[in-house]
Amino acid sequence: MTDRKVLVDRSQSGKVRPWRQKKLENLRYAEYLSILLYKKAHKVQGCADVLRFRKLPDGSTKLYQTWFCKSRLCPLCNWRRSLKNSSQLTEILAEAHRRHSTARFIFLTLTEENSVDGVDLKRRLKALTHAFFKLIHYKKVSKNLLGFVRSTEITTNANGSYHQHLHVLLFVKSAYFKGTGNYLSQVEWTNLWQKALKSSYKPIVNVEAVRTNKSKGKSSLLASAQETAKYQVKSADYMTDDDNRNQQVIDDLEQALAGTRQIGYGGVLKQIKQQLKLDDADNGDLVNVDGDKLSEPTEVELIVARWDNQRKNYLIW
């Protein structure tokens, strides 16, 4: 056993993919589920135990086959979902820009006051989605709106509260930026979001125009797409040194996220996703996350790696 090689899975750019780190987090997550008496704990524990890769001519490797548990908080599955969401979103946005070359993108971050606990979080997540749909149907928003993609992010606080907020990419007609009858200032966005939330306080809203012709920088389309496609909840939020807190956070999030979706599309962006026949990132294929399916491999091209509990790593068989 000791002479078996440790898996090193490199992307085409040479970056080592974090299989070991994500599997260790997955096993810890499964252990918490077991303590909390969740029936799916055993299923989660077996996530991605055996990995089969294609070895490509350039020396890089590509995942060919494995089994994922698809649990909402599984660090392995969330990592793969994030890659898939980013790949799909990049493809959809490029196609949208090709079809509507004069249209523009706006990146919105919509916040509200923190949830005090898990029960409050579940209620507020539902209300947050409802408020968003009210917002995009307001006349001054809808008149120039071609489509949108929105994602929910939740961060945890030391006092047991949760900060739930939305990241939204709006695809708007070029007319949006022409004249006060079309353009919405930061103050107007804030007022409309307050109205949609029916809140007595001024919520924090961040809005910025996105530059489609820049591949780098905070206000680029790529950066906005990556921000929208990132993890709904970072595993670091429930993989701290405090086991009791971690169990409470996992239990709260399991209950609050049941039946919800991380990412939602609307308008022409939803139509393009359907026309491109892109499957569901929440419950779909997490093996081919870049959309680049290859032909069936020969035996020579296959690399098989299994998780070894003693060495706490994937070993090549």
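**Helix α9 and the sheet beside it**

The buried residues of helix α9 pack against α3 (75-99), β4 (145-156), β5 (162-172) and β7 (263-266). This is a predicted model.

**Helix α9**
- Helix α9 spans residues 267-275, and its buried residues are Val268, Leu269, Ile272 and Lys273.
- These four cover an arc of only 145 degrees around the axis, which puts them on the same side of α9.
- An α-helix has 3.6 residues a turn, so residues three or four places apart point the same way.
- After α9 comes Lys277, which has a positive phi, near 55 degrees.

**The sheet**
- An open sheet is formed by 5 strands with antiparallel pairing, in the order β6-β3-β5-β4-β7.
- At the edges stand β6 (205-210) and β7; each has a single partner strand, so one side of each has no neighbour in the sheet.
- From one strand to the next, the twist averages 15 degrees.
- For β7, antiparallel pairing with β4 runs over 4 bridges.
- Gly264 in β7 is the bridge partner of Arg150.

**Helix α7**
- Helix α7, residues 221-229, lies across β3 (104-111), β4, β5, β6 and β7.
- Relative to β5, helix α7 runs at about 140 degrees.

Methods:
Residues are numbered from 1 along each chain as its sequence is written. This is a predicted model: local features need pLDDT of at least 70, side-chain atom pairs count only at pLDDT 80 or more; totals for chains, interfaces and linings use all residues. Side-chain values use heavy atoms; hydrogens and water are left out. Buried means under 20% relative accessible area, exposed over 50%, partly exposed in between (1.4 Å probe, protein chains only). Helices (H or I, at least four residues) and strands (E, at least two) are DSSP runs, numbered from the N terminus. The arc is that of the directions from the helix axis to the C-beta atoms. Contact means heavy atoms within 4.5 Å. Two strands pair if DSSP finds at least two bridges between them. Axes are lines fitted to C-alpha atoms, for helices over the stretch in contact, and angles run from 0 to 180 degrees between N-to-C directions.
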